[in-house]
Amino acid sequence: MSKRWHILGAGALGGLWAARLFRSGCDVELILRDQQRLASYKTAGGLTLSEGDQSHCYPIPAVSIETCGPISRLLLASKAYDAPAAISQLAPLISADTDVILLQNGLGSQEQVASLIPARCILASSTEGAFRQADFSIVFAGRGHTWLGDPLNAMPPSWLDDLQKSQINHDWTDDIVSRLWRKLALNCAINPLTVLYDCRNGGLLEHQAEVASLCNELSQLLQACGMPTAATGLYEQVLQVINATAANYSSMHQDVTQKRRTEITYLIGYACIAAERQQLELPNLKALNARLCHYLDAHGLPRH
Ligand code: NAD
Ligand code: KPL
């Protein structure tokens, strides 16, 4: 049997991975925050995954952070803002032989995590969609694809076979950083505006000029950061995504509506800091970040 999968973050995406790996016969163990959370999980009897009209509860083994043993393969599936603290708690269990897969959206958290452990860090960018309908109950909301890669080592890991047999659509890529930048740019062009206009993604079709000037600035930023492929055809793809997801609310809009902290620091916040470092003047992006921060303040949500 291949090595054990430890999964920290039994939320939407972590739960989706855990259920699919477990049901295909992989050795999976969830790492929960503490004994209290472990007790709640035991009461729930496992992790429930709903797909269409099918729901199934998987009795995936679980431990708390303090009772977890050494880790050889870790899927870190927390939000970006929780990732450094979570990895610090696990650091004593991680060695140079550990593979850590980072599922966080945006950029910035991956570097923070990598600086805290000696492990190989594999970066991921996913277009799958899942949400938590209750504690330990996940809905698989949209099929998608996950790109995985390691900027420091192009050799694909052997555990990609586990993803294959678990029907987790994926590809190994040597341009994961460029893909993460491209996704970040898409998110910067769409998500903050959907919050400020309180609209579904399709509502941005009424604000195309604003979207176009943002895409122009984001393309300049991608070029300046050495990501020319990620800059190519950005506006066209943003329009495609807006049309394809017209009826959906963006993830940031959902966070704000549900009074949850957003990942702003790792999305538009990261883009603004990168622009400053490049000494690039991007007035529309900067103003959008300021409007979003103001909006979050006014709604009692953290601006980081
Ligand atoms: P989520 O909030 O549903 O799950 C995160 C889980 O991590 C929570 O259960 C939380 O309790 C747990 N966690 C955080 N810190 C912890 C700690 N120290 N110890 C133990 N558990 C801890 O979030 P999500 O929607 O699964 O998103 C995870 C990441 O994946 C985000 O960066 C998100 O942007 C990205 N992403 C999500 C989706 C999606 O459809 N949900 C799609 C693409 C990318
Ligand atoms: O990824 C997204 C999100 O909502 O976070 C899309 C659908 C691309 C919008 O930016």
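Biologist: In which helix does Asp162 lie?

Modeller: The model is a predicted one, in which local features need pLDDT of at least 70, side-chain atom pairs count only at pLDDT 80 or more, and totals for chains, interfaces and linings use all residues. Residues are numbered from 1 along each chain as its sequence is written, chains are lettered from A and ligands numbered from 1 in the order in which they are written, and side-chain values use heavy atoms, with hydrogens and water left out. Helices (H or I, at least four residues) and strands (E, at least two) are DSSP runs, numbered from the N terminus. On this basis, the element with residues 160-165 that holds Asp162 is helix H5.

Biologist: Is Asp162 buried or exposed?

Modeller: Buried means under 20% relative accessible area, exposed over 50%, and partly exposed in between (1.4 Å probe, protein chains only). Because Asp162 has 5% relative accessibility, the residue counts as buried.

Biologist: Which side chains form polar contacts with the side chain of Asp162?

Modeller: A polar contact is a pair of N or O atoms within 3.5 Å; within protein, one must be able to donate a hydrogen and the other to accept it, and residues adjacent in sequence count only if both atoms are side-chain atoms. One such contact of Asp162 spans 2.8 Å, and another spans 3.3 Å. The partner at 2.8 Å is Trp5, and the partner at 3.3 Å is Arg73.

Biologist: Which residues come nearest to ligand 1?

Modeller: A residue is near a molecule or strand if one of its heavy atoms lies within 4 Å of it. There are 24 residues around ligand 1. Those that come nearest are Ala12, Leu13, Ala130, Arg132 and Glu263.

Biologist: Which element gives the largest share of the shell around ligand 1?

Modeller: Helix H1 (12-23), helix H3 (83-90) and strand S9 (129-134) are the elements that give two or more residues to this shell. The largest share is three residues, and it comes from S9.

Biologist: Which residue of S10 is the bridge partner of Arg132?

Modeller: Two strands pair if DSSP finds at least two bridges between them. S9 and strand S10 (residues 137-142) pair in the antiparallel sense over five bridges. The bridge partner of Arg132 in S10 is Ile138.
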